[in-house]
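Please give a short report on this protein model and the places where something can sit in it.

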Amino acid sequence: MTLPTASSPGARLRLVNLSKAFGGTRAVDNVTLELGPGSFTALLGPSGCGKSTMLSLIAGLVDADSGGVELDGHRVDGVPAEHRPIGLVFQKPLLFPHLSVEANVAFGLRMRQVPRREARPLVRDMLAKVQLSALAGRRVGALSGGQEQRVAIARALVLSPRLLLLDEPFSQLDATLRVEMRALVRALTDEAKVTTLFVTHDQAEAVELAEDIALMLDGRITGQAAADVFYTRPPSLAAARFFGATNELPGHVDAGRFTCPGARGSVLADVPDGPAVLVARPETLQLSTEVLSGTPGPTVAEALRLCGIATTARFAGTHLSVDVRLDGEAALTVHVPVGTSVELGDDVTVTAPRSACTVFGTGR
Ligand code: ATP
């Protein structure tokens with residue numbers, strides 16, 4: 001089968017009810033997902049949730065048990081991996097150690113029998129883009145980890161793939177280099193307008209790099225949205241917990257409104273009446289050391305007002321992280337600007353704006 005060439009450099013990728021099991025493990029479980037042409041999506045999830053298996057299915061390295069992969073509306077299930085217009089970059093660069101940097105980058109073009117005089121400028125241009133021109137003649141065995149990954153990225157992109165799959169490519173690099181490499185990948189993929197799926201288990205990396213995040217838990221995609229939506233409106237309690245550093249207040253929904261012990265006010269909740277949990281990130285809450293006894297309940301713009309005692313206040317670089325034990329016995333954390341005067345044991349009031357709260361039912 002020959003895939004049609006399209007006007008856009010990036011392909012539209014669609015996974016349709018894709019499943020793959022290994023013995024009793026459902027590594028990829030009925031996944032349906034769509035990536036627009038030229039988009040950059042992070043496939044985020046904890047170790048073992050099925051991310052690498054999903055990439056292998058898309059690339060054609062592993063056959064699906066059911067469902068399929070579409071590129072620009074065409075099923076590619078029967079197309080061998082080497083004939084799919086897909087570039088791959090793995091955690092380990094898998095270079096040819098006896099070849100030079102230039103020969104490694106040129107390898108795919110040679111396999112495609114691109115004449116040397118056409119291949120050479122493409123390779124040179126790509127080496128310049130990954131800032132390796134000065135090392136073109138060096139054997140890849142004598143490169144640093146970051147330089148090896150630059151070669152791997154150049155080797156994938158020089159073939160002008162329509163879809164680029166990156167499987168935790170920077171997990172073995174140190175923190176400073178990872179930040180540098182993220183910026184490089186984003187610049188290169190934006191320029192090439194290639195559709196990109198970037199696998200990571202690191203929330204910060206996903207948020208920094210991608211327009212969209214697809215969250216994978218236990219073989220399933222549990223949500224696909226812009227990064228900020230995962231923070232402000234997590235699609236599930238599991239998603240909120242995976243993003244971490246969030247507060248959970250146990251309570252109850254009655255007549256469509258959430259309340260919890262010791263709180264004034266209530267929150268509109270689109271979940272069935274019964275036990276529930278309110279989720280709110282520490283940076284979205286407001287903390288005041290005003291004594292509020294006898295003050296009115298929350299204003300219309302607020303959702304909940306909770307009283308408690310400050311139990312710890314830690315300097316965290318960009319903010320002060322304050323733990324509060326609430327009158328209702330629950331606890332939560334609030335981030336306040338550095339320099340805010342909070343003493344341990346202070347009576348405090350925490351206000352949760354309506355926009356910061358998401359409620360999930362926890363009953364059966
Ligand atoms: P990590 O982030 O640790 O690489 P992952 O999210 O990429 O993990 P996968 O490597 O896709 O997860 O594995 C998903 C599940 O499938 C795991 O339970 C894994 O043990 C299992 N699995 C993956 N490949 C195979 C295989 N070839 N044979 C048997 N089980 C496998």
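Start at the ligand. Strand E2 (25-35) and helix H1 each supply at least two residues of the shell around it. H1 gives the most, with 3 residues. This is a predicted model.

**The ligand shell**

The residues surrounding the ligand are Phe22, Thr25, Ala27, Pro46, Ser47, Gly48, Cys49, Gly50, Lys51, Ser52, Thr53 and Glu168. By class, the shell divides into 4 nonpolar, 6 polar and 2 charged residues.

| Residue | Atom on the protein side | Distance to a ligand oxygen atom |
|---|---|---|
| Ser47 | side-chain N or O | 2.5 Å |
| Cys49 | backbone N or O | 3.1 Å |
| Ser52 | polar side-chain atom | 2.8 Å |

Taken alone, the ligand exposes 640 Å². The protein buries 57% of that area.

Gly48 is among the residues around the ligand. Where in the fold is Gly48 found? Gly48 sits in the loop between strand E3 (40-44) and helix H1 (51-59).

Is Gly48 buried or exposed? Gly48 has a relative accessible area of 78%. The cut-off for exposed is over 50%, so Gly48 counts as exposed. That value takes only the protein chains as cover.

Gly48 and Gly219 are 171 residues apart in sequence. In space, their C-alpha atoms are 8.5 Å apart.

**The second largest pocket**

Next come the open spaces. The second largest pocket has a volume of about 250 Å³. Its lining is made up of 14 residues. Met126, Lys129, Leu157, Ser160 and Ala192 lie nearest the centre of this pocket.

Two elements give two or more residues to the lining of this pocket: helix H3 (116-129) and helix H5 (175-192). H3 gives the most, with 4 residues. By class, the lining has 9 nonpolar, 1 polar and 4 charged residues.

The largest cavity holds about 50 Å³ of space.

The lining of the largest cavity consists of Tyr231, Thr232, Pro234, Val279, Ala280, Arg281, Thr284, Ser355, Ala356 and Thr358. Helix H7 (227-232) and strand E15 (274-280) each supply at least two residues of this lining. By class, the lining of the largest cavity has 5 nonpolar, 4 polar and 1 charged residues.

**The whole chain**

The chain holds 8 helices and 21 strands. Along its principal axes, the C-alpha trace spans about 85 × 45 × 40 Å. The chain has 364 residues, and 48% of them count as buried.

**In brief**

The ligand's shell draws on strand E2 and helix H1. The lining of the second largest pocket draws on helices H3 and H5. For the largest cavity, helix H7 and strand E15 each give at least two lining residues.

Key: Residues numbered from 1 in each chain as written. Predicted model: local features only at pLDDT ≥ 70, side-chain atom pairs only at ≥ 80, totals over all residues. Heavy atoms only, no water. Buried < 20%, exposed > 50% of the residue type's maximum accessible area, 1.4 Å probe, protein only. 1 Å grid on protein atoms, 1.4 Å probe; cavity = no way out; pocket = protein on both sides within 12 Å on 5 of 7 lines; lining within 4 Å. Points joined across faces, edges and corners; volume = space filled by probe spheres on them. Nonpolar A, V, L, I, M, F, W, Y, C, P; charged D, E, K, R; others polar. Near = heavy atom within 4 Å. Polar contact = N/O pair within 3.5 Å; in protein donor to acceptor, adjacent residues only side chain to side chain. Areas by Shrake-Rupley, 256 points an atom, 1.4 Å probe, with all protein chains shown as cover.
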